[in-house]
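Me: Please take a close look at a single part of this model and describe its surroundings. Give the cut-offs with the terms.

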Amino acid sequence: MEDNKTGVQEADTEGESPSEPGSPEKCMESKDSYFAAQLNSPTLNDAGDKETKSPKEAFIRVLSFSKGIPKSIKEIPAKEPGFLRSSKQFARRSFQQIEGHMRASKRHSSVPEESREFQDDSIQKEPPSEHQRGPSGSPEKCTESEDGSCETQLNSPPLNDQEGKETASPNKPLATVLSFSREISKSVKAISGNESGLLRSSKRFANRSFKWIEGRVHAHKESRKASEESGKTEDKCVKKEPLSVMEINKLIQTRQLLEAFENIQGLETELLAERDANKYEDDPKGYTVKAKDVDLLYDHISKVMRQIVQETLDPPGIDEKALTSLVTLIEEEEKAHPEASTATISSGPAALGSARDWRELWKDAVNQSAKGRLCKVPVPLKDDDQSWLSKHLGFLTMAVKEDLLKVKLHVQKCYPRDYNVCDTYVGAFHKALSEHLHGILEENSLTLTESHALLNWITNIYCSEDFLGHVDLKPEVKTEDLPSLLTAEALVKLKNDYIIAVKEKTKMCLDNILVLHTKSKWDLDGQPEALQSQPCSSLSLDIQMMVGQHKKVAGLICDRLEVAVLDVSLKEVMEFVPRFEKAFLEWDKENDHPQFVELMVAYINDFQDLSTGLERNFSLSGQELERTLKDAMLNYQKHFLHKLRQKTQPMLKNILSRQWVLYSGTPDSFIQKAVSATEEFSKPLIHLKEPIHKDFLHEIHKYLVKEYIMQTLKSKSRRRRRKWEEVGKLMKEDASIIHNSMKRLGSSSDWLFPAILHMADIIGEKKKRNIKDCLEKLSRDYPDIRREHILALLALRGWWRNTRQSMADQIDGLSEGLETGSNRTLFAEIELPNTFRCF
């Protein structure tokens, strides 16, 4: 009893230790903990206590313990049949001892009625016959269990024959041991309830068996774990032999890239190991050849990778399987060279064992793909289509937008997020477009239309909703961080070329306007546009529309370009105004066109409208243009007065002649004819716009008065005193005719009227004292009169030289200090001959 108690206590102590692997309480599942607790219960452990009241309950405890054995045995790896055979033999011997106790109990002991009742309820086990026993005497089959299964076959050939092969199924040996544990429980049921000592002995024996099996299971698990780790290490070191170079090359050709890379890596590893072992000290050429083979294989697989990337966007569709394989290949290469130097040598034997940096290769392939895609965009023939560049840029927009949409919807999902596929493709197409546009600028001399198309595409279309900013591309495609498509130098050059092209275009258009007016207007017979109520041609409207169009188009690109274009356009217009005026006047000199004045009036009005329109519509100061137009007006006036002089000179040169005296006061008088010719020639001037109209009439009025005075001072006629009085009266009549005629034309230059009257008074006066008063009035009204003018006038009257000098000396200084009003010069414009007759 003490031995039994000691054995149970040892079992209990071992079961309580948390670190003991053989503890039954630690190894059983939670739902089977009841049986372990029953096994260690005080009823069986304490020898001094009473015997179990019910032998059936004691047998149930033993049976429950036997059921706990399989849960531990299940943890035995199925690939260790030797260990299972050893455990089976131990269990078999235990079973045989229990069977022996049962038979001894039946022969020598009487069974109490409680045991009989128990036996009636239990299933008896008949000893197996000789033919049912195996070589070791253990039963070959068991009786049917409570659930109707018969699974125990301890004497089956795979386990009984230790020299035979291992169990075919890894789980079958475990099932065999489990079924054997059930056999123990069924055999124990046959034990009499009076044999409590036998139960305790069986319990101690079974407990030791259980702990021994648990210990073996735990030791085996640790051994198996160490064996597996050792096997993994050996697997890393022991690789299968790589394929030959030709076989690997065929794998690459068939795009079995992962398998090909695995074999290339094997060749590389093997070659590096041989190099480190100094195998090629005597044969460096052999090492170089093999290294080149490996490098060529890497180059070949790199080319295929490039092809896969470059074919991604090609029809008919996206090969997602190929892209996924490509990503896996790149990751495997990065794992194979995790500690390789980032300064990777591109090719050659020196690159052996270094990182190939296939992710950068992928990016470069994306760049090449984008460049290749742009090369496929059609380019219209430049000679056949002036808008070839605009159409080509439209094709580029459509093609790139479609490709980026494919990338967003189909390509992006084949790559991990850290590849930034959309950003990479956007950057690639941006770089390809930049190179493409630089090539266009280098190969072509762009016209105005082509330069504007390119600038407008870069500025207003590229990042707009019509292209990269399209709603279908958002939010993956970002344009905020994209650099300029053109370099700063190229963009400045393009804008300068555009400005030069605008200048040339403006000059050409203005020249065409000049040619158009030369052929279509100046050579037409009949009434010109100048005879309308407000005569003007389309000249001003055409120029303003042209300048406005250039300004509008340039303003869509940038404000600085708009200002530059407006500036060059204005300069061309200022150069055109004198060029047009010169051409028109030269044309009239050659043709003496009868409707010259009408055309001149129309063009003067046009240029006046042009100046006002440019200042109003384009916010220009117009000072320089006004100066240019003023100079043009002066030239028109000179030419007009020159033609007027030609018409009036024949009449005015007869002033103070005998014919002049004879015809004075009649409709055929010379001054009347001169005034009539002036009125007829100046009649179209009524359509001139103010203030130009007033300026023209002022000049005409001054011309008549000035020409009359000049002819008077140049006269060589000799008359008696009485005749001079009559001449003075006729001169006053001519002054009134000139003044009234110019009034009818609209002149307001009344200050010119007294000039001829003062001269008439001087010529018709008899007394010297009165002549002096008249000279003083003339000097005060016309401060620009000079001494030679006074001497010539006195000489005409016939005074002696000393008298003339004396009178001239008396009025000298009277005009000093008197300011001549603006545009009020008369005598200063009258030139006298160098000599005149004195009496």
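Reply: **A loop threonine and the helices around it**

T312 sits in the loop that joins α13 (284-310) to α14 (320-336); helices here are DSSP runs of H or I with at least four residues, numbered from the N terminus. The model is predicted, so local features need pLDDT of at least 70 and side-chain atom pairs count only at pLDDT 80 or more, while totals for chains, interfaces and linings use all residues. Residues are numbered from 1 along each chain as its sequence is written, and side-chain values use heavy atoms, with hydrogens and water left out.

T312 has 4% relative accessibility and therefore counts as buried, a label for under 20% relative accessible area, with exposed meaning over 50% and partly exposed in between (1.4 Å probe, protein chains only). A polar atom of the T312 side chain lies 2.9 Å from the backbone oxygen of I308 and a polar atom of that side chain lies 2.8 Å from the backbone oxygen of V309. A polar contact is a pair of N or O atoms within 3.5 Å; within protein, one must be able to donate a hydrogen and the other to accept it, and residues adjacent in sequence count only if both atoms are side-chain atoms. Neighbours within four places in sequence aside, T312 is in contact (heavy atoms within 4.5 Å) with G317, I318, L323, V411 and Y425.

The axes of α14 and helix α15 (residues 358-375) are 9 Å apart, at an angle of about 145°; axes are lines fitted to C-alpha atoms, for helices over the stretch in contact, and angles run from 0 to 180 degrees between N-to-C directions. On the α14 side L326, L329, I330, E333 and E334 take part, and they meet W358, R359 and W362 of α15. By class, this contact has five nonpolar, no polar and three charged residues. Ala, Val, Leu, Ile, Met, Phe, Trp, Tyr, Cys and Pro count as nonpolar, Asp, Glu, Lys and Arg as charged, and the others, Gly among them, as polar.

D588 lies in helix α21 (residues 559-591) and is buried because its relative accessible area is 1%. The D588 side chain reaches the backbone nitrogen of H593 at 3.1 Å. Not counting residues up to four places away in sequence, D588 touches H593, F596, H639 and K643.

Helix α21 is also among the elements against which the buried residues of α18 pack, together with α16 (388-411), α17 (421-443), α19 (488-520) and α20 (539-555).

Conventions. Helices (H or I, at least four residues) and strands (E, at least two) are DSSP runs, numbered from the N terminus.
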